[in-house]
Amino acid sequence: MSGGAGPVTVRLAGPDDLAAVAVIENLCFGDPWSLSALLSELEPDPMRLPLAAESGGQVVGFLMAWLVADQLHVLNIAADPHWRRRGVGTALLREAARRGRALGLVEATLEVRRGNTGGRAFYQRHGFHETGVRKRYYADNGEDAIILDCDLDALADGGDPAPGATEGL
Ligand SMILES: CC(C)(COP(=O)(O)OP(=O)(O)OC[C@H]1O[C@@H](n2cnc3c(N)ncnc32)[C@H](O)[C@@H]1OP(=O)(O)O)[C@@H](O)C(=O)NCCC(=O)NCCS
């Protein structure tokens, strides 16, 4: 298993993280975002929140979100497959929620593929609930998107810390 020991920390991501983020994106998704789409989310922008999870200097996961009115829109979240079920996704989601709450946001929202059972279980574990369906939303295979919402306060506090993970700059 890559990495192994050492805590996971979460920090703001930036353009310098593009290569590492692209590797994880391509490992995690059948329809990965282009480099230019990823770079757009990593450029400094007050409406965007890109986070990187790191262990031992290696990027092991990332999250990209938009800050829209009082909502945190999570666009993309992924953990390196070698680092799954070790709290990376949880650390990213909680840190995004904490930063969003500090900015006055009150709700997190996102879309997930109907067939993404792992992703849906992850969000359910964090208190997201279904609020709608976008029929045939995904162009590559016509899959439905399930819309999930969650109270940002509850997400930010989230009970016990994720195993082995700490959050900070
Ligand atoms: C979704 C994803 C980010 C979760 O990251 P992770 O670091 O493995 O998640 P965590 O370790 O923080 O998981 C926390 C809890 O969520 C639930 N969970 C996470 N992945 C799960 C899975 N594949 N199946 C069932 N439950 C899961 C579990 O309750 C888990 O706690 P446990 O390990 O103690 O049982 C990761 O699986 C991933 O990158 N998937 C591919 C990309 C993707 O689908 N992203 C979402 C698109 S909307």
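Q: Which residues of α3 are buried?
A: In this predicted model, a residue is buried if 20 or more other C-beta atoms lie within 10 Å of its own. Of the 15 residues of α3, 11 pass this test, so the helix is largely enclosed by the rest of the structure. The buried residues are V88, G89, T90, A91, L92, L93, R94, E95, A96, A97 and G100.

Q: What distance separates the end C-alpha atoms of α3?
A: The helix has 15 residues, and at 1.5 Å a residue it should span 21 Å. The model agrees with this expectation, as the end C-alpha atoms of α3 are apart by 21 Å.

Q: Which element gives the most residues to the shell around the ligand?
A: The shell holds 19 residues, and the closest are V88, G89, T90, G118 and A121. Two or more residues come from each of β4 (71-79), α3 (88-102) and α4 (117-125). The largest contribution, five residues, is that of α4.

Q: Which strand joins β2 by eight bridges?
A: Strand β2 (residues 48-55) has seven of its eight residues buried. It pairs with β1 (residues 9-12) in the antiparallel sense over four bridges, where T9 stands opposite E54. The eight bridges, also antiparallel, join β2 to another strand, in which A65 is the bridge partner of L49. That strand is β3.

Q: Which residue in the hairpin of β2 and β3 takes a positive phi?
A: Two residues lie between the strands of this hairpin. The positive phi, near 55 degrees, belongs to G56.

Technical notes. Residues are numbered from 1 along each chain as its sequence is written. This is a predicted model: local features need pLDDT of at least 70, side-chain atom pairs count only at pLDDT 80 or more; totals for chains, interfaces and linings use all residues. A residue is near a molecule or strand if its C-beta atom, placed from the backbone, lies within 6 Å of it. The expected span of a helix is 1.5 Å times one less than its number of residues. A residue is buried if 20 or more other C-beta atoms lie within 10 Å of its own, exposed if 12 or fewer, and partly exposed in between; C-beta atoms are placed from the backbone. Two strands pair if DSSP finds at least two bridges between them.
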